[in-house]
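Here are my notes on the model you passed along. Have it open while you read, and take the points in order.

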Amino acid sequence: MEYKKTGIIDFDKVVLPENWKDKKVFFPVIECIEKIPCNPCSWSCPKGAITIQGDITNLPEIDFEKCNGCSICAGKCPGLAIFLVNPNFDEKYGAVIIPYEFRPVPQDGQKVVLIDREGNERGEGEVVKVRVNKAFENTPLVTVKVPKELVMEIRHIKQ
Ligand code: SF4
Ligand code: SF4
């Protein structure tokens, strides 16, 4: 419950796929740990991979086996609490898909400052894709290349 004091989530409570460091595809990281009445992640997932059991205030649960990495949940989440991570995007880098509602919308190829969960600057990254469309509630989903060792830390960018 340290996050109640700091505003920074207790990351050890976040569910990750088995052997996540070896994955070469994007998978969701749901950083939703406050019990609130909310469920767009669940009803919007076309694969039924995210469920909220019982009361709507219960936390979402994910079945990574059903997920195809489409990113719709990240765009639909009003709390911007869902990221997608690919630990091995290429030989040298991992990548993180970040829901980003600041303006201007970043551009492909743009260099950005990487920001970690605690708000610290952690070096430079490169935007490799920006998607804005209705399926994502027009929330820009920005794919950023980051050093592999930082894929579970970088959660924002600064232009
Ligand atoms: S990435 Fe797509 S398939 Fe996977 S949990 Fe999110 S909405 Fe469902
Ligand atoms: S939509 Fe976002 S904030 Fe709402 S329950 Fe799902 S992950 Fe949590």
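1. The shell around ligand 2 divides into 9 nonpolar residues, 2 polar and no charged. In this count, Ala, Val, Leu, Ile, Met, Phe, Trp, Tyr, Cys and Pro are nonpolar, Asp, Glu, Lys and Arg are charged, and the others, Gly among them, are polar. Among the residues surrounding ligand 2 are Cys32, Cys38, Cys41 and Cys77; a residue is listed if its C-beta atom, placed from the backbone, lies within 6 Å of the molecule.

2. Some housekeeping: this is a predicted model, in which local features need pLDDT of at least 70 and side-chain atom pairs count only at pLDDT 80 or more, while totals for chains, interfaces and linings use all residues. Residues are numbered from 1 along each chain as its sequence is written, and chains are lettered from A and ligands numbered from 1 in the order in which they are written.

3. Around ligand 1 the shell has 8 nonpolar, 3 polar and 1 charged residues. Cys45, Lys47, Cys67, Cys70 and Cys73 are among its surroundings.

4. Now the sheet. It is open, with 7 strands in the order β1-β4-β5-β8-β7-β6-β9, and the pairing is antiparallel. Strands here are DSSP runs (E, at least two residues; helices are H or I, at least four), numbered from the N terminus, and two of them pair if DSSP finds at least two bridges between them. β1 (27–30) and β9 stand at the edges with a single partner strand each, so one side of each has no neighbour in the sheet.

5. Buried means 20 or more other C-beta atoms within 10 Å of the residue's own, exposed 12 or fewer, and partly exposed in between, with C-beta atoms placed from the backbone. Strand β6 (residues 111–116) is joined to β9 by 4 bridges, and aspartate 116 has isoleucine 154 as its bridge partner.

6. Two backbone spots to check. Arginine 103 and proline 104 are joined by a cis peptide bond, omega about 0°, and proline 104 is in the loop between β5 and β6. Asparagine 138, in the loop between β7 and β8, has a positive phi near 60°. With 10 other C-beta atoms within 10 Å, asparagine 138 is exposed.
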